[in-house]
Amino acid sequence: MHIILYRNLIKPEMDVQKRLFTNAKLATLLETGAPYGLVAEGALVIEGERIAYAGKAAELPSHYASLPGEDLGGRLVTPGLIDCHTHVVFGGDRAREFEMRLEGASYEEVARAGGGIVSTVKATRAASEKQLLDAALPRVDALIAEGVTAIEIKSGYGLDRETELRMLRTARKIGKQRRITVRTSFLGAHAIPPEYKDKAGTYLEKVCLPTLEAAAAEGLVDAVDGFCEGIAFSPDEIKRVFDKAKDLGLPVKLHAEQLSNLHGAALAASYGALSADHLEYLDEAGVRAMAESNTVAVLLPGAFYTLRETQQPPLDLLRKHNVPVALATDCNPGSSPLASLLLTMNMGCTLFRMTPEEALAGVTREAAKALALEDRGTLARGNRADLAIWNVAHPAELSYRIGFNSLHKRIFGGSE
């Protein structure tokens, strides 16, 4: 009887699925000195949910050589893509505001006139959890179809306890209904709701901070975000949010320097932030602060494009100080109604002059850092086997093409 029990215990280990991929180009994104960490004639082995080998086919360990291999015909393999800044859960749309901006109104003017984030708040408050989920899933599906295996989802369109919690619960449900990793960010400090106009401090005290506590207690929060800007919250107000996050043991990130320079990125860095995002008006002092704290710069070309901005984020300074640079869709109903990470890569190159290698690293290796996903973003032994297999000859094609999806196959946790 004891022998039977022992065999039952080890049987799951013996039955771990092993898969061998051969005749592949591997963009490992490891910093090996080769562009893209590229292995031109590569092989990759998956054991269960993990990468067991990723390297030269000629150096494949002998104990894997007998596995039945899947010939990829020279296709490119990359880590699964990661969209590290989205607002995919929301109610309604803001197509009319798109028209207003085309007619000459600025993003700030639209917001001050009662549009912008506040208009989405009204629609989101009116939506049920099912309605929010049904609306969000097609956006998530579009990302999955492009090889995305992990996504960050923010709250911030409720600005009251009930709706903020409903948004976060919806985000968690997405991770259960789709084969994708979801990381949530509490963004209660996104905007000041109409009922607290000119009373930001009161809103933080009575609504935002207690809701953050409730969300954390329910296990709905992976990180805490805020919007540090003249039309949103001041640095001192953001400090209150970050102090509460610190008390709760949660990491922080920040929308910073999008429309002006309030030195939000430096503030975020002083709290060891995972990321500071947007950054069009970031100065060198802010870049240095981010470098010292290893805070990732998340660039969002979709918002830059939609708002027809002209101030570009300081990419050369970020390179100079070796700040990790990620890219994300910022998928949201107002400033970036974008649900394509491939197009985001092209925008990062054409609008911000990133290299295709930087763009691919920005949606894999660096995006993983921005979400503290330590076992993602590179094709390294022991990492989770989240992969994208592409019908392309060279990694630069992923940034080069516009409106074309070359995905051959997506693998999530070792299986399709």
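**Strands, sheet and helices**

Reply: This is a predicted model. Strand 8 (residues 181-189) pairs with strand 9 (residues 223-228) in the parallel sense, over three bridges.

Me: What makes strand 8 and strand 9 a pair?

Reply: Pairing needs at least two bridges between the strands. Strand 8 and strand 9 have three bridges, so they count as paired. In strand 9, Ala223 stands opposite Ser185.

Me: Which helix packs on the sheet there, and what does it touch?

Reply: Helix 8 packs on the sheet and touches strand 8 and strand 9. The direction of helix 8 makes about 165° with that of strand 8.

Me: What is the order of the open sheet, and how do its strands pair?

Reply: The open sheet has eight strands in the order 6-7-8-9-10-11-12-13, with parallel pairing.

Me: Why do strand 6 and strand 13 stand at the edges?

Reply: Strand 6 (81-83) and strand 13 (325-327) each have a single partner strand, so one side of each has no neighbour in the sheet. From one strand to the next, the twist averages 25°.

Me: Why are helix 8 and helix 9 called roughly parallel?

Reply: Helix 8 (residues 200-217) and helix 9 (residues 235-248) pack at an angle of about 20°. The cut-off for roughly parallel is under 35 degrees. Helix 8 and helix 9 are therefore roughly parallel to each other. Their axes are 11 Å apart, and helix 8 passes helix 9 in a right-handed crossing.

Me: Which residues make that contact?

Reply: From helix 8 come Ala200, Gly201, Leu204, Glu205, Leu209, Leu212, Glu213 and Ala216. They meet Glu237, Arg240, Val241, Lys244, Ala245 and Leu248 of helix 9. By class, the contact of helix 8 with helix 9 has eight nonpolar, one polar and five charged residues.

Me: What links strand 2 to strand 3?

Reply: Strand 2 and strand 3 (residues 50-56) pair in the antiparallel sense over six bridges. The bridge partner of Leu44 in strand 3 is Ala54. Strand 2 and strand 3 form a hairpin with two residues between them. In its turn, Gly48 has a positive phi of about 65°.

Technical notes:
Residues numbered from 1 in each chain as written. Predicted model: local features only at pLDDT ≥ 70, side-chain atom pairs only at ≥ 80, totals over all residues. Heavy atoms only, no water. Axes fitted to C-alpha atoms, helices over the stretch in contact; angles between N-to-C directions. Helix = DSSP H or I, 4+ residues; strand = E, 2+ residues; numbered from the N terminus. Parallel < 35°, antiparallel > 145°, perpendicular 65-115°, else oblique. Left-handed = near helix turned anticlockwise from the far one by under 90°. Contact = heavy atoms within 4.5 Å. Nonpolar A, V, L, I, M, F, W, Y, C, P; charged D, E, K, R; others polar.
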